[in-house]
Amino acid sequence: MSRHVALLRWVREGKGVAHTSAARAAGFSKTDVARAVELGLLRRVRRSWLVAPDADPRRVAAAAVSGRTTCVTQAVLVGLWVPNHDGVHVAVAANAARFDAAGLVVHWAAGPAPVAPTSNEAPLVNVLFHAARCLPRTEAMAVWESALRLRLAEAPIL
């Protein structure tokens, strides 16, 4: 298998989105990345973010702003119940700039758990944190209860 096809497979195993520094850490060179992009196997949505053609559009939207899916968007992606919502909820660094926020609900606050800058999704505790700050109380509580019922979180942790 060629290196660029192996890279595509690796990106797909990572939910269709990858940071180029993570690709290099996994053993892929800048040339492998450039060739995969040149062949249309992957595309860059921001300087350091690669996406597979079949990547979830919500994950792509987060990568396009160097952010992470969070709040109700990530809750849906992990199978939690969420109320009806509009837009893709993304968490970005406090100093994030120069991006188009159209169609996005941007969460600027850092959650309680640290997140690697190469991660495309917020950890569950941050998802619940953002839901509590973003949604009306009853809706946020329903999202939290969903996490408990699915045993994705335990009450003492929350």
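In this predicted model, Lys15 and Glu121 bring their side chains together in a salt bridge, at 3.0 Å from N to O. Lys15 sits in the loop between α1 (3–13) and β1, while Glu121 sits in the loop between β6 (104–107) and α6 (124–134), so this pair ties together parts that are 106 residues apart in sequence. Lys15 counts as partly exposed, at 44% relative accessibility, and Glu121 counts as partly exposed too, at 21%.

Glu121 has another partner: its side chain also meets that of Arg59 in a salt bridge (2.7 Å, N to O). Here again distant parts of the chain are linked, since Arg59 belongs to helix α4 and lies 62 residues from Glu121. Put together, Lys15, Arg59 and Glu121 form a network of salt bridges.

Now for helix α4 itself, which covers residues 57–64. Its buried residues are Arg59, Val60, Ala62 and Ala63. Looking down the helix axis, these fall within an arc of 160 degrees, so they line one face of α4. They pack against β1 (17–19), β2 (43–46), β3 (49–51), β4 (68–69), α5 (71–77) and β5 (88–91). Just after α4 comes Ser66, with a positive phi of about 55 degrees.

In total, the structure holds seven salt bridges. One of them joins the side chains of Arg149 and Glu145, at 2.7 Å from N to O. Both residues lie in helix α7 (residues 137–149), four residues apart, or about one turn of the helix. Arg149 is exposed, at 65% relative accessible area, whereas Glu145 is partly exposed, at 39%.

Key: Residues numbered from 1 in each chain as written. Predicted model: local features only at pLDDT ≥ 70, side-chain atom pairs only at ≥ 80, totals over all residues. Heavy atoms only, no water. Buried < 20%, exposed > 50% of the residue type's maximum accessible area, 1.4 Å probe, protein only. Helix = DSSP H or I, 4+ residues; strand = E, 2+ residues; numbered from the N terminus. Arc of directions from axis to C-beta. Contact = heavy atoms within 4.5 Å. Salt bridge = Lys/Arg side-chain N within 4 Å of Asp/Glu carboxyl O.
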